[in-house]
Structure formats: structure tokens, C-alpha cells
Amino acid sequence: MTAKLQLAGIKKRLRGRQVLDGVDIDVAQGRSLVIIGGSGQGKSVTLKCALGIMRPDAGQVLVDGADVTRMPQEIRARVMRKFGMLFQGGALFDSLTVWENIAFRLINADKVSRKEARERAIETMRKVRLAPEFADVRPIELSGGMQKRAGLARAIIAKPDILFFDEPTTGLDPITADAINDLIVEMVKELGCAAVSITHDMASARKIADEIAMLHNGKIVWRGPATSIDASGNAMVDQFVAGRADGPIQAVV
Amino acid sequence: MINPFAPIGRGVLGILGEIGHFSTFVGRAIVASLTPPMFLGQFLRQCMQIGYFSLPVVGVTAVFIGAALALNIYVGGARFNAEQFVPNIVVLGITRELGPVLAGLMLAGRVSAGIAAEIGTMRVTEQIDAMTTLSTDPFRYLIAPRVLAATLTLPMLVLVADIIGVMGGYLVSVNSLDFNGVAYLRNTFNFMEPQDVILGLVKAAVFGFIIATMGSYQGYNSNGGALGVGRAATNAVVGAIVLILATNYLITAFFVE
């Protein structure tokens with residue numbers, strides 16, 4: 001079976017530093033992959049290359065076996081319609097109301113009528129347990145947890161095949177974070193999509209991952225089922241999971 | 001030993017690189033502005049934001065400049081008994097030069113900085129990346145409406161500025177320089193030629209384009225949080241002003257020839 005999304009030998013150099021040095025990773029339909037790793041190890045750049053926001057220097061991004069990096073613009077845009085993404089800070093448009101944010105893609109890319117788009121936005125808000133009375137407020141008036149819910153609603157409204165999560169629990173209290181984790185698991189299962197998340201929150205990784213991979217120095221150094229993370233046999237993974245300052249990874253402060 | 005030419009070469013390469021980036025950006029902005037899909041709602045909103053809400057600042061500038069111009073020409077003209085040319089030179093100065101240039105400079109401050117700050121904030125909070133993942137091209141949704149709105153509304157603003165500027169000169173001339181009001185207006189209209197106004201409007205359209213693309217360019221490429229957004233706004237204003245003044249000369253020289 002071909003992977004839904006596959007990164008093969010992705011390299012990226014930024015400001016004179018080799019951030020990604022040949023990343024190989026893949027994820028199958030209906031599976032949830034979580035990439036863990038320290039700050040500055042290239043997690044975000046990996047995600048941006050996969051999403052097509054950043055162009056890798058070398059390597060391939062394969063969606064259903066087709067290389068996205070070498071496609072003409074229009075075809076690539078069509079493939080990218082299969083993607084949904086939850087950004088770290090929510091990245092909600094602050095000039096629009098919550099429902100207009102959630103329905104942004106329907107209104108602007110899919111040319112759905114505003115009336116229908118609003119109905120679908122409110123239906124999606126219910127799904128992520130965001131009360132419909134928040135539909136007409138600006139994102140700035142929402143709490144951090146509610147902003148994540150709105151961002152999630154925006155990411156799933158068009159029923160994507162591949163969902164990306166950038167640090168979904170960062171900046172949330174542990175209880176809200178757990179609620180968001182539950183929601184992610186539920187939504188990924190409901191949509192049956194492939195999910196790729198990056199995080200340094202181990203509690204979140206354990207909860208939402210089928211598989212965990214660790215990125216260090218621009219390479220995947222370990223990969224395995226989420227259940228085997230405590231018996232990885234990899235000193236770097238052990239250090240990261242235990243959260244120790246001393247070990248093979250030097251903390252950069 | 002450090003090669004003394006290295007810093008010069010680096011500087012030149014940096015400038016050339018920047019020009020290349022900006023040119024590519026301008027090309028993409030033009031394509032996005034002229035081909036579908038277009039976002040009409042965004043365009044109309046920007047027309048209000050850039051054009052309509054700039055009326056007060058442009059009007060106030062024009063009335064004072066027209067008035068001051070009339071006084072100066074009167075003083076200068078008196079040195080060789082040519083005071084009667086005040087209306088002619090006021091209308092010439094306002095329509096050909098001061099109307100478009102001052103409206104352009106005021107909008108470089110008001111609009112260019114605003115666009116750079118807004119798009120820059122969207123860049124650093126990942127809203128532009130988010131837009132891309134929502135299958136919407138930021139060049140079409142954000143930049144094209146601003147470029148089109150500025151290019152089309154600045155000529156209209158300048159037309160208003162022309163009228164208000166001439167009126168400023170009229171008010172001063174009639175009230176404190178003892179000109180006859182009817183004669184002043186007759187002189188103005190008899191002397192003015194369509195090409196004076198047209199030159200001003202062509203300039204205005206070009207300046208509007210410069211203001212919106214410079215603001216968008218700086219905002220779109222900003223990085224580094226609040227500091228980066230502040231730098232983008234500053235660079236947008238300075239860049240737009242320099243380009244406006246340089247192209248003002250080129251367009252004038254082109255029309256004079």
C-alpha cells in the first residue's frame with residue numbers, strides 16, 4: 001500500500017544552516033504520526049515543506065505517490081486542497097468573525113454561498129464543541145482553547161485527507177490541552193484521514209499518536225509505535241521522553 | 001588581509017538582489033490584479049480604506065498648499081510686475097506637480113505603512129501561511145485588491161486635491177490679495193489645459209501603484225515579530241517616498257519631451 005504522504009530525502013538550508021538533512025518519513029491513510037524533537041531541530045520546517053509553504057532544496061514530497069514539489073502550480077494547488085492544518089497560534093484572521101474564519105475556504109476557494117457556508121461553519125463548530133453563539137465574535141475575544149477549537153474547525157470543514165497539527169497543545173493549561181488532544185483523536189478517526197503532528201509535549205504525543213518519530217539535527221533518528229516509546233532503545237529518545245538536561249542531546253540555552 | 005572591494009561588491013549584490021525580489025513581487029502582483037479569480041468584496045473595502053478615508057488628509061494638505069503657493073507666487077511675481085499670473089501658476093503647479101506629489105506622499109505615510117503593518121502582522125502570526133493552506137492565494141486575496149484600489153482611487157483623490165488646491169489659492173487671492181473672484185476663476189480655466197490634469201492623474205495612478213506594492217512587499221516579506229513589522233512599516237514609507245519622487249521626475253520629463 002502506498003503511503004498517503006511521504007517525505008523522501010528532504011533537505012533544506014536556511015540562513016547558512018542545514019536545518020533538514022535528509023528527512024524520510026511516511027504516514028498511511030487513517031494513521032496518526034507525531035514527530036517529536038527539541039526546539040530548533042527542524043520540526044516546523046519539515047511541516048512547512050510537507051505543506052508546500054516552503055520549497056525543499058532536495059528531496060520529494062509524495063502525496064498518494066505523486067511528487068508535489070515538481071508539479072505545475074495549478075495541479076499542486078489541487079493536491080493541496082486535500083490538506084488541512086491547525087497552526088500553533090491558531091492563525092485565525094483577526095479581521096473576520098469566527099464563522100467567517102471557519103468557512104474561509106468554502107467562501108473564497110470553493111465558492112459556496114455565504115448562507116450555506118455559515119450553516120456548515122456552525123455545524124463544524126458544534127463538532128469541535130464550540131458554542132454557536134461565538135459565531136459572530138472576532139477571534140481576539142476567544143480564549144486560547146477556544147481559538148484552537150476554531151482553528152481545528154477551520155482545518156476540518158472541507159474534510160481533508162491529510163491533517164497537520166503544529167504544536168496543538170502549546171500555551172494551553174493541562175486540562176484544556178487534554179480536551180484538545182481528545183478532540184484531535186476523535187476528528188482524525190471520524191474523517192479517517194492521515195494526521196501529522198509536531199510537538200514537544202510528550203503527554204500530547206502519547207495521546208494522539210499511532211506512531212512516533214523523533215527528529216534530531218535535521219534527521220529522523222528513531223521511529224516506532226507510540227506504545228513502544230518507553231522501550232525505544234535509543235538514548236536520545238529516552239532523554240527526551242524523560243526530559244533530562246544531561247544525555248546525548250546538549251540543551252541549547 | 002581583507003579585500004577592500006569585498007564590502008562594495010557585497011553591497012551592490014545586496015541591492016541587485018533586492019531589486020530582483022521586488023520586481024518578481026511586482027510581476028506577481030500585476031498578474032494577480034488583472035486575472036481572475038478576483039475578490040470584489042475585498043477590493044471595495046480597500047477602496048473605502050485607501051481612497052475614501054484619505055479624503056480629509058488629502059483635502060487639508062491641498063487647501064493649505066494652494067493658499068501658500070498663491071502667496072509665494074504673488075510675492076515673487078511682484079518683483080517684476082507679474083502679480084496677475086497668480087491664478088495661472090497656482091493651477092499649473094497644483095495640477096501638474098503638487099496635487100499628485102503631495103497626495104502621493106501623504107498616502108505613502110498613511111496607506112503604505114498601514115498595508116505593511118497589517119500584512120506584516122499577518123505574516124508573523126502565520127495568517128498568510130494559513131491562507132495558503134485554505135487554498136486561497138494571498139496575492140489575490142490580500143495584495144491584488146490593495147494594488148487595484150490604490151491605483152484607481154489615487155487619481156480620484158488627486159482630482160479632488162486639484163479642485164481644493166485651486167480653491168485654496170482662490171480664497172487667499174480674493175480675500176487678502178485683492179483679486180477679483182470672477183476674473184481669478186476665468187484666468188484659471190482659460191489657462192489650464194487638459195494635458196496638465198492628465199499628467200497629474202497619470203502620476204497619481206503610478207504613485208498609487210507604488211504605495212500599495214511597496215507596502216505589500218515589505219509586509220509580505222517581514223519577519224522577526226513586532227520589531228520586524230515595525231521595520232517593514234518604516235521601509236515601506238521610505239521606499240514608497242523615494243520611488244514616488246524618482247518616478248515623478250521621470251514621468252514629468254517624459255511628458256515634457
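At what angle do helix H1 (residues 6-34) of chain B and H6(B) pack? H1(B) and H6(B) pack at an angle of about 90°, and their axes are 8 Å apart. The model is a predicted one, in which local features need pLDDT of at least 70 and side-chain atom pairs count only at pLDDT 80 or more, while totals for chains, interfaces and linings use all residues. Residues are numbered from 1 along each chain as its sequence is written, and chains are lettered from A and ligands numbered from 1 in the order in which they are written. Helices (H or I, at least four residues) and strands (E, at least two) are DSSP runs, numbered from the N terminus. Axes are lines fitted to C-alpha atoms, for helices over the stretch in contact, and angles run from 0 to 180 degrees between N-to-C directions.

**Chain B overall**

- The secondary structure of chain B consists of 9 helices and 0 strands, giving the pattern α-α-α-α-α-α-α-α-α along the sequence.
- Along the principal axes, the C-alpha atoms of chain B fill a box of roughly 65 × 55 × 35 Å.
- Of the 257 residues in chain B, 44% are buried (20 or more other C-beta atoms within 10 Å of the residue's own; exposed means 12 or fewer, and partly exposed lies in between, with C-beta atoms placed from the backbone).
- Among the contacts in chain B with a separation of 6 or more, 87% are between residues 24 or more positions apart; two residues are in contact if their C-beta atoms, placed from the backbone, lie within 7 Å.

**Helix H6 of chain B and its partners**

- H1(B) and H6(B) are therefore roughly perpendicular to each other; angles of 65 to 115 degrees count as such, under 35 as roughly parallel, over 145 as roughly antiparallel and the rest as oblique.
- Arg28(B), Ala29(B), Ala32(B) and Ser33(B) of H1(B) make this contact with Phe139(B), Arg140(B), Ile143(B), Ala144(B), Val147(B) and Leu148(B) of H6(B).
- The residues of the H1(B) contact with H6(B) divide into 7 nonpolar, 1 polar and 2 charged; Ala, Val, Leu, Ile, Met, Phe, Trp, Tyr, Cys and Pro count as nonpolar, Asp, Glu, Lys and Arg as charged, and the others, Gly among them, as polar.
- Helix H2 (residues 40-51) and helix H6 (residues 138-176) of chain B have axes that come within 8 Å and cross at roughly 45°, which makes H2(B) oblique to H6(B).
- The crossing of H2(B) and H6(B) is right-handed, that is, the near helix is turned clockwise from the far one by less than a right angle (anticlockwise for left-handed).
- Residues of H2(B) that meet H6(B) include Phe43(B), Cys47(B) and Ile50(B), and their counterparts in H6(B) include Tyr141(B), Pro145(B) and Met156(B).
- By class, the contact of H2(B) with H6(B) has 10 nonpolar, 4 polar and 1 charged residues.
- Helix H4 (residues 86-124) of chain B also packs with H6(B): the axes come within 7 Å and cross at roughly 145°.
- H4(B) passes H6(B) in a right-handed crossing, and the contact has 19 nonpolar, 5 polar and 2 charged residues.

**Sheet E2-E1-E4-E5 of chain A**

- In chain A, 4 strands form an open sheet in the order E2-E1-E4-E5 with antiparallel pairing; two strands pair if DSSP finds at least two bridges between them.
- Strands E2 (17-27) and E5 (66-67) of chain A stand at the edges, each with a single partner strand, so one side of each lacks a neighbour in the sheet.
- Strand E1 (residues 5-14) of chain A pairs with E2(A) in the antiparallel sense over 8 bridges, and Arg13(A) stands opposite Gln18(A) in E2(A).
- Helix H1 (residues 43-51) of chain A packs on the sheet and touches E1, E2 and strand E4 (58-63) of chain A; the direction of H1(A) makes about 120° with that of E1(A).

**Strand E8 of chain A**

- Strand E8 (residues 194-199) of chain A is mostly covered, with 6 of its 6 residues buried.
- In a regular strand the side chains alternate between the two faces of the sheet.
- Ala194(A), Val196(A) and Ile198(A) point one way from E8(A), and Ala195(A), Ser197(A) and Thr199(A) point the other way.
- Strand E3 (residues 32-36) of chain A runs parallel to E8(A) and is joined to E8(A) by 5 bridges, with Leu33(A) opposite Val196(A).
- Strand E7 (residues 162-166) of chain A likewise runs parallel to E8(A), joined by 5 bridges, and Ile162(A) stands opposite Ala194(A).

**Interface between chains A and B**

- 15 residues of chain A are in contact with 11 residues of chain B.
- On the chain A side, the elements giving two or more residues are helix H2 (73-80), strand E6 (83-86) and helix H4 (104-108).
- H4(A) gives the largest share of that side, 3 residues.
- The residues on the chain A side divide into 11 nonpolar, 2 polar and 2 charged.
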